[in-house]
Amino acid sequence: MSLPSRHEAQQRADRIRIFQDELDRLEREGVISLSVGQRQQVTEYHNTLLEGYAQDFDIDRDMRSSQLSLGMRIASLFGALALSASVFFLFYQFWGWLSTVTQVVILVAAPLGMLGITILIQRKDPSGYFAKLAALVAFACFVLNITMLGQIFNITASDKALLPWAALAFLLAYACDLRLLLVAGILCMIAYVAARTGTWGGMYWLSFGDRPENFFPAALLLLAVPQFIPHPRYASFPPMYRIFGLLTVFLPVLVMGNWGNSSYLEWDVGFIEGCYQVLGFAASALAVWAGVRRQWPEVINTGVTFFVIFLYTKVFDWWWESMPKYLFFLVLGLIAVLFLLVLKRLRATNYKLFGGGAS
Amino acid sequence: MMKWSHTLIAGGALILLTNAVALLGAAYNRSDEPESLLKMTQRELRHNRWNDKDNSGITLRLDWRIASAKQNDSDIEYYEGKWGAPTWLDKNKMAELGFDVARLAGSYQDGRHYKEALPREVLLVLELDGQTYQQALRRAGEYAGQARAKQAANPNDENGKERVKSAEKYYQSELRDNSRLFVIDAGVDVQKLRASYPDRNRYAIVRGLVRPNIVRGNDGKIGGNISELHAENINVPLTYRRVFDAVAPCEVTVAFGKRLEPWILAASRSAAAK
């Protein structure tokens, strides 16, 4: 049997805890009664498993430690962001007093050193909190490294810098199982692909945001990653790709649905806006359908959120000026109720309409 | 998860390779003879003292300007700096830079000019203390002379007195303080531009952005603005730091290399004092 990832170990530990609670209850209510031997056998097996997981991954073995873990995750995130900012300001504070050679040596050595420290911490501390902290600082050092080299040698800014930043973020994310670094890598990749698309469209790379359609290739790429690259040992990564893939579709569609001038399309502005509004509704409904069918809760939630945003934007356009405010907000409330009813019906039918989740 | 040794090797290689590419690029830019070499002073290179508390580095900003468009009595003394549409950046020049001027004109007719107003990266020619500066200086002098003549014809006019004071102040600024560095032309081919401006100690070629500008009225006259100059900020290495520690006149030799990126070749206070 292959060694599970930390995420899988935690999931298994959670299931064991739920199973033990339910077994206790079933025994108390007289539904089932295990013999002392059977009970001991199950308990010993679970204890051995949990001890192994705790030793290898520092997982949360009960509800209290799970709550503490949440606090640790938050502290680790803030610590990582603060330390990264500190690295930036530390260098800025003193770099003017250093010779160019010293500046370059420090800038190159910092990410290399932090990479080594991250790996060392990762090996010593299975919880991952300190590794996350070190990994983000390593990434910040690398961003600082390239940015400052550009400043020291007056190099013209280029989108190509986003590529190695994305590569290091992905490397650290997969090496240390860190979603935060995965998000950093995804954001760099989105910016790079959008900038390249813009450049191929004839525009200056930093203007890529002026044509939101530049983000669509990045969205396709992000949505394709979890489809074509299996992530058996990184269960929490595919949802991140899907969330950011959908955001990279829906946000540009939302912008162009309200500001058609930003589109590449040569049609009438009103027609472009109409098309993107329809596309927004269709794509968000499609996301909900696909999410239900494939049991991707993050896709359902993102789809529902944007469907509501698209709908509310339209309702605002139609009725904000013409309706009394009480009526306008009443309509919004009724739409929300209608949504609840539709989603409740979906849940009640156990998604059979969509052919998913029938178990 | 990945083996730690693989992560270390891959990450280390990535960091070193990226640095190597950046440093080799900088070395290539500075190899051989510079593409151009300008001797500027504190008039053209402004010391950005903003946020000194947290940033010990010194960055000089190229204070470039454009020759202002047609001016009349009321705006002659207005220092346009880098804003506004240069007279030479007209419809023909925009077409030469690769802008689809027919499309731009059409976009104005059907109200889609905002859509077309995206910048393009082009080459810009900087002129140091050349004809354009002399014209600006002469115009400021002429205006001061006209203001004095008007005042002499009508000595009781209080507004006239103010105008003379203001025109003379502007002339003095133009003579002593204002930047003498003008963007005077644009193109897409370094060789062609260099052939037109062969003096490498007066004309530098740099990269920058030009954004289309369709002037309202006048049937949508097509022109452009220079929205960015890539070589605008120049880092001061430790060697020359002392020159810029205090506000004082200085002379700085800035080289522009093969990639048209600048660096400081020499800097001194004494040279300026002489």
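**Cysteines, interface and a buried serine**

Tutor: A search of the whole structure finds zero disulfides over all chains. Please keep in mind that this is a predicted model.

Student: What about A:C176, buried or exposed?

Tutor: A:C176 also counts as buried, at 5% relative accessibility. A:C176 takes part in no disulfide, its nearest cysteine sulfur being that of A:C141 at 15 Å.

Student: Let us change topic to the interface. How many residues of chain A are in contact with chain B?

Tutor: On the chain A side there are 53 residues, and they are in contact with 44 residues of chain B.

Student: What area is buried between the two chains?

Tutor: About 4200 Å² is buried between chain A and chain B, and carbon and sulfur atoms give 61% of that area.

Student: Which elements of chain A give two or more residues to that side?

Tutor: They are the helices α3 (63-94), α4 (100-124), α5 (129-152) and α6 (162-176) of chain A. The one that gives the most is α4(A), with 10 residues.

Student: How do the residues on that side divide into nonpolar, polar and charged?

Tutor: On the side of chain A that touches chain B, 32 residues are nonpolar, 15 are polar and six are charged.

Student: How many salt bridges are there between the chains?

Tutor: The count between chain A and chain B is zero. The interface does have 12 residue pairs in polar contact, with both residues at pLDDT 80 or more.

Student: One last topic, A:S84. Where does it lie?

Tutor: A:S84 lies in helix α3 of chain A. With a relative accessible area of 9%, A:S84 is buried.

Student: What does the side chain of A:S84 reach?

Tutor: The side chain of A:S84 reaches the backbone oxygen of A:A80, at 2.7 Å.

Student: Which residues is A:S84 in contact with, leaving aside neighbours within four places in sequence?

Tutor: With those neighbours left aside, A:S84 is in contact with A:L136, A:V137 and A:A140.

Methods:
Residues numbered from 1 in each chain as written. Chains lettered and ligands numbered in written order. Predicted model: local features only at pLDDT ≥ 70, side-chain atom pairs only at ≥ 80, totals over all residues. Heavy atoms only, no water. Contact = heavy atoms within 4.5 Å. Buried area = accessible area lost by both parts, 1.4 Å probe. Salt bridge = Lys/Arg side-chain N within 4 Å of Asp/Glu carboxyl O. Polar contact = N/O pair within 3.5 Å; in protein donor to acceptor, adjacent residues only side chain to side chain. Helix = DSSP H or I, 4+ residues; strand = E, 2+ residues; numbered from the N terminus. Nonpolar A, V, L, I, M, F, W, Y, C, P; charged D, E, K, R; others polar. Disulfide = S-S within 2.5 Å. Buried < 20%, exposed > 50% of the residue type's maximum accessible area, 1.4 Å probe, protein only.
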